[in-house]
Amino acid sequence: MIETSICQIVFYVFALLAILFAICVVGSRNPVNSAMNMALSFGCVAAILFGLGAQFLGIVQIIVYAGAILVLFLFVVMMLDLKDEERNTGSMRSAAVGTTIAAILAGLITSISLSLPGATEISCPMAAICDNIGELAPGAEATQATPTPGYGGSLPALSPAAAAKAVQPDISDAEAAKATSMQDIRLLGQTLYTQYNIAFVILGFALLSGTVGAVALARKIRKD
Amino acid sequence: MDAICNWWNDLMSNDIWFYLLTTAVKLVIMFALILAFVVLSVWIERRVAGWIQDRPGPNRAGLPLFLLQRFGSKEKQPLKDVLHFFGIPETSRIARLCTWLRLDREIPTFGLMQPCLDGGKLFLKQETTPSYVRKLYFIVAPMLVLGPPMVAAAVLPFASCVDTIYGSISMCVANLDIGPLWIFAISGLSVYGLTLAGWSSNSKYPFLGGLRATAQLISYEVAMGLSVIPLLMMFGTLNLQSIVQYQADNGWTLLPLWGEGLSLQRWVMMLPLGISFLIFVTCVFAEANRTPFDMAECETDLVGGYHTEYSSMKFASFFMGEYAAMVIGSAVVVTLFLGGWSIGFGADAALASYSQWLAVLCQTLMFIVKLLAFIFFFVWVRWTLPRFRWDQVMKLGWLVFLELTVANIFLTAAVLYFVK
Amino acid sequence: MSYIPIKRPKFSLLDKIYVVELVKGLIITFKHLALSLMGKSRGKKDFSNKGVGICMQFPEERWDARLPEYYRGAPTLVRGEDGRERCVSCQLCEFICPARAITITPGEVDPNSSCQKQEKAPAKFEIDMLRCIYCGMCQEACPEQAIFLSKEYLITLTDRKKAIRDKETLYRLGGMRKGLVNKWNQYK
């Protein structure tokens, strides 16, 4: 039970910090402060993902969001006239619109995460997944080569076979055993390119059109 | 005595304590190694720069013997005492050799003390913080530059593993399954340091330096991440320890001469891997802000770049951060392409079967030798190439490397699929 | 003003790929490195220094023997062949000195001197070596050929007060100089 409480504490600390920094992003007048707070918030989210055993997702969170996108934000924000920005007080209308959108998003995420298998059974989210795995694939611990210690060095890492079962509950035990040799990256890749292939490709096109649009906007139009 | 042994046994038998203690020891070793290498690479940089320019470089800064004289040896040259003690005449060849090494005046360090003394000087210098800077970010920025490379080093394996009676110790601080990604992510965070330093200085040249640093680091991070994908496709794992183990068994990435490395597929793979190597090394140069790409602190057009307004130890931490990034960059290249700690030609397995501790020692030494060789290469390139122009840097990153790496991934896939 | 376009070289594909050229450059620098480590750098023969590269190891090896005739070191006062003090305390050097390093207090000529015609001689003549910039203007301005720049370049002090050189020191450093014009002998 000690393990559960440690992982609970760490999870809630990072979750609270993430929310705190997120509030600071909206609250601070100085755009650079906002950007830096956002980076810290991303860091906390990455830490939570690490704690859940999703190391790949956590590190991608840092590489893509904290390491690239936010730096670009900072890049642009730094060129603003900060005195002008600090004087600006946002209108009530934009605040209302923002709150509504945030509330809708939060509702969506909550409903989706509650519909995941085993989400409502145990109070600690990490323990929920770990215990769930234990029930689904009893042989998982034995096949693990070296358990990567999570928080406090005691939490067993998310075993790939069990994770495979957690994502796709309908696959057979043989397939789950096959997935033991794979890591969460392969698992993620397989899920993205098989189950969610169409959505993934559509997203890719959306990003591409965004890029093309940005290039078209930024490009100087020559008259000759 | 027995009580202590028992207590130790109990302590080490506990998985958590065993993990914590071994990790702490490895952490200290790794940290000391990196810091020592920062000093050493500064020395290598200055010596090699000297040799390339027909100068000796810093060759003084020995430990002067007058310090000894002050503690009691009174007027006498210690060298003469030593020679007399061994009964060597003062005109013999040995005595002349000692004089040539300046042993009569100092204990020679061949200039190795120079970086330490420079560090001491910077530490004792007056710290000036301009009144117009944004204080918080101005203070945080140097930390953000020095910290990430040190943290990134955590996943680098410096030897294989050892089986003890309490459990197996993998010679790598954190044996994560996302090794290279961890390094890219964490060392990529140092861009915050450069950007914030440039912005918080509140002065135009540092600002331009910060902007350049941001743009450059982001551009090359893309190509860097894509250029290792062929490797990962070949290894099929992201764990650096297993990547190096694979290379130890089956030939280094760029030297497939034993094990499975002699297959046709591996030799055909040399083409995409060679391209990967070139691009990756170039990107490491760009990420470490080293000379052909040191646009951010290009003194000819930006005074000193992002660290213009910094002085004393804050400047020193930028300086050290740059060299730490260089050391980590070299270590990553060595790990991914040049076999990491592996001694090669099957010697690892043979040594490990003889004695695992001996194998680990030899492997650590091998890793250090490879690292030093690659740091030398870094320095060699720096004193050969002139700095690129800014638009050339951007063009190279976005128009050449990005396309080339994507094409390279497809080429690798084709090779892996068609050549068996 | 006519405008002449510079002819840029056309790069072949091999040049554009850059790797070959890079390797060529690396070979050149490595040659320098190896030669200087072996102590065989180019031009080493003309410059007989020991050790690595063609760099003079300063405190042990010095340029002294190779300093040119016109070398401008520390200014000194000289005596003529007759041992007479040549300075007549006209203070031109004091006025021309851009760094204001020279301070002269005029005084009477030593009554024991062989020549009394110049009427004045410096009672005090001080040069502050912390201020002196070795420009040689004092030497140029001197109508008496009394002040000359020596070849002394290594002035290391542990005390600021020692930086001020008085008349005796300056004469000692300058010594006797031959072949100077003795214009005071012509006047009766």
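Start by selecting Tyr137(B): apart from its neighbours within four places in sequence, Tyr137(B) is in contact with Leu196(B), Trp199(B) and Ser200(B). Here, two residues are in contact if their C-beta atoms, placed from the backbone, lie within 7 Å.

A word before moving on: this is a predicted model, in which local features need pLDDT of at least 70, side-chain atom pairs count only at pLDDT 80 or more, and totals for chains, interfaces and linings use all residues. Residues are numbered from 1 along each chain as its sequence is written, while chains are lettered from A and ligands numbered from 1 in the order in which they are written.

Stay with Tyr137(B) and colour the helix around it, H7 (residues 135-152) of chain B. Helices (H or I, at least four residues) and strands (E, at least two) are DSSP runs, numbered from the N terminus. Is Tyr137(B) buried or exposed? Tyr137(B) counts as buried because it has 21 C-beta neighbours inside 10 Å. The cut-offs are 20 or more other C-beta atoms within 10 Å for buried, 12 or fewer for exposed, and partly exposed in between, with C-beta atoms placed from the backbone.

Next, show chain A. You will find 11 helices and 0 strands there. Of its 224 residues, 26% are buried. Pick helix H11 (residues 197-218) of chain A: its 22 residues should span 32 Å at 1.5 Å a residue, and its end C-alpha atoms are 32 Å apart, which agrees. That expected span is 1.5 Å times one less than the number of residues. The number of buried residues in H11(A) is 0, so this helix lies largely in the open.

Bring chain B back beside chain A. Their contact takes 21 residues from chain A and 22 residues from chain B. On the chain A side, helix H3 (residues 55-77) gives the most, with 12 residues. That side has 14 nonpolar, 7 polar and no charged residues. Ala, Val, Leu, Ile, Met, Phe, Trp, Tyr, Cys and Pro count as nonpolar, Asp, Glu, Lys and Arg as charged, and the others, Gly among them, as polar.

Finally, select chain C, where 14 residues are in contact with 12 residues of chain B. The side of chain C that touches chain B divides into 7 nonpolar, 7 polar and no charged residues. Colour domain 1 (13-55) and domain 2 (65-180) of chain C, whose bounds come from an automatic or database domain assignment. Taken over C-alpha atoms, the centres of these domains of chain C are 47 Å apart.
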